[in-house]
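Hello,

Here is the structure I promised to pass on to you. Please have a look at it first, and then read on for what I found.

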Amino acid sequence: MKVRVFVSLKDGVLDPQGKAVEHALHSLGFEGASGVRISRVVDLHVKAENAEAARKKGEEMARALLANEVIEDFHVEVVV
Amino acid sequence: MKTGIVVFPGTNRERDMAQAFRVVSGKTPQMLWHQQDNVDGLDLVVLPGGFSFGDYLRSGAMAAHSPIMKAVRRFAEKGGYVLGVCNGFQILTEAQMLPGALLRNAGMRFLSQDCHLKVEGRDSIFTSGWNHGDVFRAPMAHGDGNYTAAPDVLDRLEGEGRVAFRYCTAEGHVKDGDEHVNMNGSARSIAGVLSENRRVCGLMPHPENLTEEILGGTDGLPLFTGIMEALG
């Protein structure tokens, strides 16, 4: 089963990369762009009985390694 | 004193670290490969700088889960001394052996230059080579050195004297918002922290690279003399 883990910086944690991209967008003429934040998506396959079990496995993996909960939030979707 | 230096794939400061210990103790530390599952018989384990596992995912994330880190954690829980410099500090936060995390530098640039540090940690062998409030120069070389932690964690670190080192001017002034002083944007200018039992220390700059006159100075030497005096 395919699982997709979204990892993003927590609200309030500075994202210098997002800021740099925002500046670049402005210089390209997209003056309205604001609040740019860069996140990470991890796709993976797991062996699981059903979608719920697959999602749980994805969450376990996020907690163990894929996300650092000191600075990042995550959520997991089962892609089918 | 028996010192072990952990080498991960991508570690590149292990020899500098070994040389610094050789300078103060005359003894050559043992190199420990990351797949080793014990660190028995050592007094101090050092996690040196570099780019372990290519800094993939997050700096230090992969190394934090390698076999040797389980052993280092057990070692620390039994009261062993652990020092993490640069990537080693990142690994210690990823392993949750030290609080907080190290984000991308606020200015987005890799910083390779000297900085000044103020010694603030109390009751620790990692700061005992200096007097409280001393200022010293240290080289830094990192892309992810922007220390962050929840405000209550920062308060606790400060209240318990567990901020080991802070970025400051050559005169010892701490200026959180000044990018020429607190160059990577660290919360409260924190450059290094201590664990609750004060036996685990992590810092971003590299005192080991200023330990002999031929390197341009001996400003970083007190880190090593302090450790050696304590551990013999």
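A cut-off to start with: a residue counts as buried under 20% relative accessible area, as exposed over 50%, and as partly exposed in between. Please also keep in mind that this is a predicted model.

**Salt bridges in chain A**

Over all chains, the count comes to 17 salt bridges. One of them joins the side chains of A:Asp73 and A:Lys10, at 3.3 Å from N to O. A:Asp73 has a relative accessibility of 36%, so it counts as partly exposed. A:Lys10 is also partly exposed, because its relative accessibility is 25%.

A second pair to look at is A:Glu59 with A:Arg55, whose side chains form a salt bridge at 2.5 Å, N to O. Both sit in helix α2 (residues 51–66) of chain A, and because they are four residues apart, about one helical turn separates them. With 26% relative accessibility, A:Arg55 is partly exposed.

**Salt bridges in chain B**

In chain B, the side chains of B:Glu160 and B:Arg162 meet in a salt bridge of 2.7 Å, N to O. Are these two partners buried or partly exposed? B:Glu160 is partly exposed, at 30% relative accessible area, whereas B:Arg162 counts as buried, at 6%. There is also a network here: B:Glu120, B:Asp155, B:Glu158, B:Arg166 and B:Arg188 are joined into one by salt bridges that share partners.

**The strands around β3 of chain B**

Now to strand β3 (residues 44–47) of chain B. B:Leu44 and B:Val46 point one way from this strand, B:Val45 and B:Leu47 point the other way, and all are buried. Why the two directions? In a regular strand, side chains alternate between the two faces of the sheet.

Which strands pair with β3(B)? One is strand β1 (residues 3–7) of chain B, in the parallel sense over three bridges; there, B:Thr3 has B:Leu44 as its bridge partner. Another is strand β4 (residues 81–85) of chain B, again in the parallel sense, over four bridges. In that pairing, B:Val46 stands opposite B:Leu83. From β3(B), the chain crosses to β4(B) through helix α2 (residues 67–77) of chain B, and this β-α-β crossover is right-handed.

Best wishes

Methods:
Residues are numbered from 1 along each chain as its sequence is written. Chains are lettered from A and ligands numbered from 1 in the order in which they are written. This is a predicted model: local features need pLDDT of at least 70, side-chain atom pairs count only at pLDDT 80 or more; totals for chains, interfaces and linings use all residues. Side-chain values use heavy atoms; hydrogens and water are left out. A salt bridge is a side-chain nitrogen of Lys or Arg within 4 Å of a carboxyl oxygen of Asp or Glu. Buried means under 20% relative accessible area, exposed over 50%, partly exposed in between (1.4 Å probe, protein chains only). Helices (H or I, at least four residues) and strands (E, at least two) are DSSP runs, numbered from the N terminus. Two strands pair if DSSP finds at least two bridges between them. A crossover is right-handed if, with the strands pointing away from the viewer, the path from the first strand over the helix to the second runs clockwise.
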